[in-house]
Amino acid sequence: MGIGAYAWGDRSSPRIALTFDDGPSEHTQDLLKLLRDWNVKATFFVTGAQAEKHPELIQAILQEGHQVESHGYWHRLAFLMWPWREAEHIRRVEGKLYRPPFGAHSPFTRLFTRMYGKKVALWDLESKDWTNRPAEELAERLVFWCKPGSVILLHDRYPTTLRILELALPKLIGLGYQPVRMDELSLKPLGPREGLQRALQGFHERFFKKHRIERLGLEAFDVLAVAPTRFPGPPVPEAQPGVKAYELHLDSVRSAALPPMALLRQIRRGLQLLAKKLENEPDVRLVYGLSHIAVGLKVFGFKLHPVPLHQLLVAGLANAWFMWVYLGELPRRGLPLAQLAYITREELLRRYGTGRSEG
């Protein structure tokens with residue numbers, strides 16, 4: 001969960017941080033050249049043992065204007081070291097930030113970091129550059145899951161890392177992200193709710209994969225996604241259960257960070273992208289969502305319909321949980337726990353398709 005550590009910056013800003021662990025290494029100069037070519041600054045979490053072997057690379061990193069922080073002296077799991085060895089491991093490498101190897105803690109890790117005037121720095125997006133998955137696949141995944149304020153975990157030891165960045169970095173910049181040093185993010189220690197958000201990220205990725213959820217736009221503040229499905233009901237005048245449909249999803253992290261007018265603009269943009277997608281999918285008859293905030297979609301042309309008790313409980317409780325985790329709020333009194341909001345394909349195309357009438 002990372003409670004009390006730094007893991008991401010301000011979610012309302014397009015700034016992100018590229019961070020490299022385990023170096024310096026024989027790959028450092030290539031990484032520095034790529035960052036220089038794109039005029040990007042990054043943060044290097046170096047180990048003391050490697051820094052002593054390659055002082056010239058530490059100097060090169062600093063001369064390029066990058067941030068150098070501590071990854072400890074040895075690249076070892078904290079709970080496999082005696083407490084006095086972990087204390088030495090943290091003390092021997094200078095830096096305001098300390099990233100434990102593998103992100104792992106012992107019962108003493110936070111105590112020792114405070115003793116030596118450091119803050120624990122983690123991440124919210126892993127590049128998975130240590131796996132055997134193709135660099136093209138990992139770059140695509142990185143772009144898909146990057147968020148405003150993200151701290152991206154990369155490594156200065158694997159040849160795959162350079163290829164991932166060659167593919168992903170220009171895309172991220174083109175999508176409106178601004179890579180900066182970690183000390184240029186607005187960092188705050190994670191509280192319990194933010195810790196839950198961090199713990200849920202793996203669940204989100206598995207959920208998206210299982211349900212084939214697709215984001216509508218990959219720009220920094222695109223907030224809508226859809227999942228192909230069969231309409232579960234209840235029956236509405238325009239459609240019966242079982243017809244092909246898209247279930248609408250709202251990005252909890254981005255939507256919580258945006259002010260109301262900006263959020264409305266991003267939802268409208270998402271619906272325009274969805275209309276473009278539906279122009280080539282005539283079999284899809286309906287777009288719908290089950291949510292306690294369904295009433296907010298009325299302004300976009302959606303209709304509302306009550307749902308049976310079992311849907312009300314399942315969807316309502318799930319929505320209330322996510323609303324608390326990401327907003328620290330609960331549904332307002334007087335509103336149902338969940339309602340069905342839906343719009344037909346024809347109506348969505350009329351309002352948001354390329355052939356719509358302006359105004």
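These legends walk you through close-up views of a predicted model.

**View 1. Threonine 43 and its surroundings.** Let's start with threonine 43, which belongs to strand S2, spanning residues 43-46. Its relative accessibility is 0%, so threonine 43 counts as buried. Look for the side chain of glutamine 67, which makes a polar contact of 2.9 Å with the side chain of threonine 43. Setting aside neighbours within four places in sequence, the residues in contact with threonine 43 include Leu18, Phe20, Glu69 and Met182.

**View 2. Tryptophan 82 and tryptophan 84, a stacked pair.** The whole structure holds 11 aromatic pairs. In this one, the ring centres of tryptophan 82 and tryptophan 84 are 5.4 Å apart and the planes meet at 0°, so the pair is stacked. Tryptophan 82 is exposed, at 60% relative accessible area, and tryptophan 84 is exposed too, at 58%.

**View 3. Phenylalanine 108 with phenylalanine 112.** Here the ring centres of phenylalanine 108 and phenylalanine 112 lie 6.0 Å apart with their planes at 25°; because planes under 30 degrees apart count as stacked, this pair is stacked. Phenylalanine 108 is partly exposed, with a relative accessible area of 35%, whereas phenylalanine 112 is buried, with 9%.

**View 4. An aromatic cluster.** Three names to find here are Phe144, Trp145 and Phe208, which together form one aromatic cluster.

**View 5. Arginines over aromatic rings.** Arginine 92 sits over the face of tyrosine 73, 3.7 Å from the ring centre. Elsewhere, arginine 198 lies over the face of tryptophan 123, at 5.4 Å from the centre of that ring.

Key: Residues numbered from 1 in each chain as written. Predicted model: local features only at pLDDT ≥ 70, side-chain atom pairs only at ≥ 80, totals over all residues. Heavy atoms only, no water. Helix = DSSP H or I, 4+ residues; strand = E, 2+ residues; numbered from the N terminus. Buried < 20%, exposed > 50% of the residue type's maximum accessible area, 1.4 Å probe, protein only. Polar contact = N/O pair within 3.5 Å; in protein donor to acceptor, adjacent residues only side chain to side chain. Contact = heavy atoms within 4.5 Å. Phe/Tyr/Trp six-rings, centres within 6.5 Å; stacked < 30°, edge-to-face > 60°. Lys NZ or Arg CZ within 6 Å of the ring centre and 35° of its normal.
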